[in-house]
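Thank you for making time for this.

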Amino acid sequence: MPNRLLPEWHPQDAIQLTWPGQKSDWAPMMESIEASLEGLVSAISRYQSVLISVPDVATRRRLLDRFGCLGIPAERLNLVVAPADDTWARDHGPLTVEHDGRLTLLDYHFTGWGGKFPATLDDTLTRRLAETGVYACPVVSHELVLEGGALESDGEGTLLTTEACLLNPNRNPGLDRATLEAHLHEDLGITRVLWLTQGHLEGDDTDSHVDTLARFCDPGTIAYVRCDNRDDPHYPALAAMEAELRMLRRADGQPYRLIPLPWPAPCHDPEDGHRLPATYANFLIINDAVLVPIYGDAADTRALVALAEAFPGRDIVPIDCRGVIRQHGSLHCLTMQLPAGSLARPGQPTLHQGETP
């Protein structure tokens with residue numbers, strides 16, 4: 001049997017996060033992003049464990065004290081010292097495949113979204129975490145440039161993605177569509193690739209990651225961003241993307257159930273005024289819940305209602321992401337799920353080399 005790229009709704013051991021260091025791009029707004037991350041950890045830990053890579057021992061100790069004050073159970077926390085360049089675990093974290101009941105973490109090459117930002121530490125983070133013994137399954141490295149935010153798996157061999165990212169020459173120059181699809185089949189067990197040619201968000205550094213635009217909620221359901229403001233510059237491309245989604249078919253030939261997500265009012269950076277990539281598609285599926293980014297907008301409630309329809313039986317938990325989008329990502333971008341069986345010691349702290357308890 002081929003590998004199977006697990007869908008996000010597969011049972012999970014933990015959510016992996018990367019805590020920012022004082023030298024990261026978050027430095028001018030550290031208080032804000034730490035408050036956002038604390039809220040995220042608090043929400044996730046109500047349902048499952050959280051694995052956090054932290055920049056140094058002092059940060060680890062400070063966060064353990066802080067999380068204790070917030071009432072987060074120690075057994076739900078696993079903080080490991082492993083410095084990174086940035087916080088976007090979705091793109092420098094591992095992808096998990098299953099083969100004959102065994103899990104493997106795939107560590108793809110990460111280049112800071114085509115060389116836009118420093119990524120040396122991010123690119124080696126998964127291997128350094130593996131060396132601490134935090135993972136329960138093998139880690140296999142690949143030279144292909146591939147980011148988790150660019151891929152949506154239905155768990156049944158179908159991948160949803162965008163041409164603007166996966167076929168961008170700043171990722172794997174010289175790699176054509178057929179060769180890339182062959183890699184996806186060999187590594188991830190993908191048998192069908194659904195390519196979106198339309199859709200983008202202003203302020204997005206990822207070259208149109210699909211997790212900002214359209215997401216599988218189950219094998220037959222896709223939630224997607226709909227712009228209903230004809231005066232908005234996003235309207236033409238997102239309307240064209242909606243038309244593409246309506247033409248897509250499942251492997252059995254049936255159309256997908258499509259759930260439109262509302263369009264928030266424009267969010268702008270408070271310093272220079274550029275537009276920020278606010279999107280409700282950047283939600284996170286965890287055990288028994290879906291965490292949904294909100295932006296202090298009138299559309300927030302409608303987004304929560306729409307995703308409650310998409311995920312019956314799961315709690316729908318809003319997470320304020322107004323601070324997060326100032327660095328051009330949102331909730332899903334900050335996180336990577338670790339499926340059940342992939343974490344060695346859920347909730348047990350792993351010591352870094354040279355660290356004492």
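**Strand, core and rings**

Let me begin with strand β11, residues 214-218, where 4 of the 5 residues are buried, so that the strand is largely enclosed by the rest of the structure. Please keep in mind throughout that this is a predicted model. Strand β11 pairs with strand β12, residues 221-225, in the antiparallel sense and over 4 bridges, and the two strands are joined by a hairpin that runs through 2 residues. If you want a place to look in that pairing, find A214, which stands opposite Y224 in β12.

From there I turn to the interior. In soluble globular proteins, nonpolar side chains tend to be buried together. Here the largest nonpolar core has 80 residues, and those with the most contacts inside it are V41, I52, F67, L160, L245, F283 and L291. Which helix gives this core its largest share? That is α1, which contributes 7 residues. Apart from this core lies another one, of 20 residues, and among them are L95, L106, L184 and L188.

I would like to stay with F67 for a moment, because with a relative accessible area of 0% it is buried, the cut-off being under 20%. Leaving aside its neighbours within four places in sequence, F67 is in contact with W19, E38, V41, I52, I72, L77 and L79.

In the pair formed by W19 and F67, the ring centres are 6.0 Å apart and the planes stand at 80°, so the pair is edge-to-face. This pair links distant parts of the chain, since W19 sits in the loop between β2 (12-18) and α1 (30-45), whereas F67 belongs to helix α2, residues 57-69, and the two are 48 residues apart. W19 is buried as well, with a relative accessible area of 3%.

A second pair is that of W113 and F117, whose ring centres are 5.9 Å apart with planes at 80°, so this pair too is edge-to-face. Are these two residues buried or partly exposed? W113, at 6% relative accessibility, counts as buried, while F117, at 31%, counts as partly exposed. Ring pairs also bring in F110, so that F110, W113 and F117 are linked into a cluster.

Finally, two arginines lie over ring faces: R177 over that of W195, at 4.8 Å from the ring centre, and R215 over that of F283, at 4.3 Å from the ring centre.

Note on methods. Residues are numbered from 1 along each chain as its sequence is written. This is a predicted model: local features need pLDDT of at least 70, side-chain atom pairs count only at pLDDT 80 or more; totals for chains, interfaces and linings use all residues. Side-chain values use heavy atoms; hydrogens and water are left out. Rings of Phe, Tyr and Trp (its six-membered ring) pair if their centres lie within 6.5 Å; planes under 30 degrees apart count as stacked, over 60 as edge-to-face and the rest as tilted. Buried means under 20% relative accessible area, exposed over 50%, partly exposed in between (1.4 Å probe, protein chains only). A charge sits over a ring if NZ of Lys or CZ of Arg is within 6 Å of the ring centre and within 35 degrees of the ring normal. A nonpolar core is a set of buried Ala, Val, Leu, Ile, Met, Phe, Trp, Tyr and Cys residues joined through side-chain atoms within 4.5 Å. Contact means heavy atoms within 4.5 Å. Two strands pair if DSSP finds at least two bridges between them.
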